[in-house]
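Subject: Structure for your files

Hello,

Please find the structure below, followed by notes on what was found in it.

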Amino acid sequence: MEPAPHPAGRSTSALAIISLVAGILGWVAAPVVAALVAVVCGHLARSEIRREPERLDGDGLA
């Protein structure tokens, strides 16, 4: 018998990570610019994750 193939792992969206980091920087270093980057990247990441849920993860980060 052949072993069952392993399902492909889901990777975390880079935009979701950028959104999280920018959100933290918004509280610490550059409030206006970082907050705008966090919001824009978060929306882009969530739409990217919803388009490809079998490949991408990180909805909670975004």
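**Notes on the model**

At the start of α1, a side-chain oxygen of S13 comes to within 3.3 Å of the backbone nitrogen of L15. The model is predicted, so to speak of local features a pLDDT of at least 70 is needed, side-chain atom pairs count only at pLDDT 80 or more, and totals for chains, interfaces and linings use all residues. Residues are numbered from 1 along each chain as its sequence is written, and side-chain values use heavy atoms, with hydrogens and water left out.

**S13**

S13 sits in the loop between β1 (11–12) and α1 (14–28); helices (H or I, at least four residues) and strands (E, at least two) are DSSP runs, numbered from the N terminus. S13 is buried, at a relative accessible area of 1%. Buried stands for under 20% relative accessible area, exposed for over 50%, and partly exposed for what is in between (1.4 Å probe, protein chains only). The side chains of S13 and E48 form a polar contact of 2.7 Å. That term covers a pair of N or O atoms within 3.5 Å; within protein, one must be able to donate a hydrogen and the other to accept it, and residues adjacent in sequence count only if both atoms are side-chain atoms. Leaving aside residues up to four places away in sequence, S13 touches A45, E48, I49, L56 and D57 (contact: heavy atoms within 4.5 Å).

**α1**

The 15 residues of α1 reach 21 Å from first C-alpha to last, close to the 21 Å expected at 1.5 Å a residue (the expected span is 1.5 Å times one less than the number of residues). Buried in α1 are A16, S19, A22 and G26. Seen down the axis, these buried residues fall within an arc of 125°, so they line one face of α1 (the arc is that of the directions from the helix axis to the C-beta atoms). They pack against α2. The face turned away from the buried side carries the exposed residues A14, I24 and V28.

**α2**

In α2 (residues 31–51), the buried residues are A34, A38, C41, G42, A45 and I49. Their arc around the axis is only 120°, which puts them on the same side of α2. Their cover includes α1 and β2 (56–57). On the other side of α2, the exposed residues are V32, V33, L36, V40, H43, R50 and R51. S47, also in α2, is partly exposed at 31% relative accessible area.

Regards
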